Amino acid sequence: MSASQIKKPIVAIVGRPNVGKSAIFNRLAGRRIAIVHDQPGVTRDRITAECTKSPIPFEVIDTGGIGAILDDGFGEQVRAEADIAIHSADLILFVVDGQSGIHPVDSDLAKVLRKAHVEVVLAVNKVDDRKHENAVTDFAGLGFDQPFAVSAEHGRNMDGLIRHLGQQLIEQFGKPETVEDSEEKDEEIPPVSIAMVGRPNVGKSSLINAILNDERTIVSDVAGTTRDSVDIPYERGGTHYNLIDTAGIRRRTKQDSSVEIFSVMRSERSIRRADLCLLVIDASTGVTAMDRKIARKILEDHKPCIVILNKFDLYHPDGSKSARLEELREHVETELFFLHYAPLVFVSAKKGQYLNKIFGGIEQVCRASSAHIGTGELNRTLKNAIEKNPAPVRKNRRLNLLYATTKRSDRPRAISPPSFLLFVNHAELLTRTYERYLENTLRDALDLSGLPIDFQVRSRRD
Ligand code: GDP
C-alpha cells in the first residue's frame, strides 16, 4: 500500500451562510479563487480539496458548497450540512462571523455539534484587525475550547489555524507515516484469506494442487486445520495468502445429496472467514442450483468474489475459443446474474491452462480495494450520473443527492469492499433500480473489480 492510498482525514467546514466558509476553504486549499458561484446543474469542484500545508495532510469539505438547497429556509439547510459533516468528517471547523456576533443559527448549530462525537474547532472569521478581537471572547459562550480568531480575506492567522487543525488531527490519528514507516507496516498487513468454494467434483482440489505445485507459489509448511477446512499459508509475488481449503476435509457419505449438503455447510463457514471467495463452477455441467445456493451465500455475506469456470477443456472442445468463451460467459451471467460484480476466469486445472489468470484476478481485486476513492471524484461521478438520468418522480418529489462520502470500514481487513454514505433529500425516493444505476456508474468510473458495493443512505430528515 503506498502512502497516497492511505485515506486522508477529513475536515468539514460548517457555518451559516456569509460567515466566509468559502474564503476559509480557499485558504486551506491554497487556492486564490475569491468567490465561487453555485449554479444549479453545474458540478461544483469546490466541495473538497486537499490541504497539504498542515503537518498532516487532510481533505477539506466545504459543506456550504454542497448546494443543499432546501425548501425550509437556511436554518434547515445549515442543519443538513452539519449532519453531513458529523457523519463524514474526522474534525469539524465551525466558522462564525466575528463582526456580526452570535446569530441564533450559530447557537442552534453549536447545540447540534456539541452533541456529536466529533472534535470541533471554532474559528471566528472576519477578525481583520485588533479592534475586532474583543468580540472573540463572546463566542466562548458557544461551548467550545478557545475560539480561534482569523481573517480569511486578509490571511490573518490562517497559518496558525491550519497548524492547529493539523495538531488536532495528530492527537486523533498520530503522526503521519513516512514512506519507511508505511513500508515497515506492510510487513504487518494480515495475509489475504482466500476461500476456494464450490460443490463436490467441480475441481477445487485439483485447482489447489495446481496452485500449490506452481513454482511461483511458496508454500509454508505450517498448515492449520479447523473442523471444516485446512488453512494453507503461502506466498506469491511478495503477497501473503491464507488459502482456506474446504475440499481438504472430506466427509463422504453414501448418499450423494448429503455430500452436497455438507459441502454447502462447510462452504458457508469458509465464506464467512474469507476476504475473497473463489467460487468454482464446473464448465462442463454449467451452473446448477447448488452453485447458485453457494453464490447467494457469498452475496449475503457481502464478500468479494471471482467466479472460476473450471474444466473449460471439456466445454464444447471442438468449437472456436472465442465462441466458447462468449457462450459460457452469457450462460454464467444469466444464471448468476445477482453476483454481477464477480469477474469470470476460465481455466482448466487438469491441463494447467490459464491458471495465472486466477492470480491476475486476485491481484486486481486487492488493488481495487486498496485504491483511494477521492470524495471529489465520487461526488462528481454521482452528480453527473444524476444530471444525465434523473431519478423518477414519486409523489411529486425527486431524489436529490446532497453529498456522498466513502465510509471507513469498522474492522479493516486485507480486502475491504467499499461502502458509500449517500446524503439525500428523502431516502425513500431511492429505488432499487436507481441504486443499481448509480452502482453501475461507479463501476464504470472506478476500478471496483470483484468488490460488492454497499450504499448506506441517510435522509436529511432521519
Ligand atoms: P473437488 O471435489 O471440487 O475438490 O474436485 P476434484 O479436484 O477432486 O476434481 C473432481 C474430478 O474432476 C477429478 O476427477 C479431476 O481430475 C477432474 N477435474 C478437475 N479439474 C478438471 C479440469 O480442468 N478438466 C477436466 N477435464 N477434469 C478436471
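Predicted model: local features only at pLDDT ≥ 70, side-chain atom pairs only at ≥ 80, totals over all residues.
## Salt bridges overall

Across the whole structure, a search turns up 13 salt bridges.

## Two links between distant parts of the chain

D282 and K311 form a salt bridge, with 3.1 Å between their closest N and O atoms. The two residues are 29 positions apart and link distant parts of the chain: D282 belongs to strand β12 (residues 276–282), while K311 sits in the loop between β13 (305–310) and α9 (321–335). The partners also have their own surroundings to consider. D282 is buried, at 5% relative accessible area, whereas K311 is partly exposed, at 22%.

R397 and E428 form another salt bridge, and here the closest N and O atoms are 3.3 Å apart. R397 is partly exposed, with a relative accessible area of 31%. E428 also counts as partly exposed, at 47% relative accessibility.

## A pair within helix α12

In helix α12, look for E439 and R443, which are 4 residues apart and so separated by about one helical turn. Their side chains meet in a salt bridge, at 2.9 Å from N to O.

How accessible is each partner? E439 is buried, with a relative accessible area of 9%. R443 has a relative accessible area of 18%, and it counts as buried because that value is under the 20% cut-off.

## A network of three residues

Salt bridges can also be followed through a group of residues here: K297, E300 and D301 are linked in a network of them.

E59 lies in strand β3, which covers residues 58–62. Is E59 buried or exposed? With a relative accessible area of 7%, E59 is buried.

Which side chain does the E59 side chain touch in a polar contact? The partner is the side chain of T375, at 2.5 Å. Setting aside neighbours within four places in sequence, E59 is in contact with several other residues as well, including K8, P9, I10 and V11, then T48 and A49, and also H372 and G376.

Notes. Residues numbered from 1 in each chain as written. Heavy atoms only, no water. Salt bridge = Lys/Arg side-chain N within 4 Å of Asp/Glu carboxyl O. Buried < 20%, exposed > 50% of the residue type's maximum accessible area, 1.4 Å probe, protein only. Polar contact = N/O pair within 3.5 Å; in protein donor to acceptor, adjacent residues only side chain to side chain. Contact = heavy atoms within 4.5 Å.
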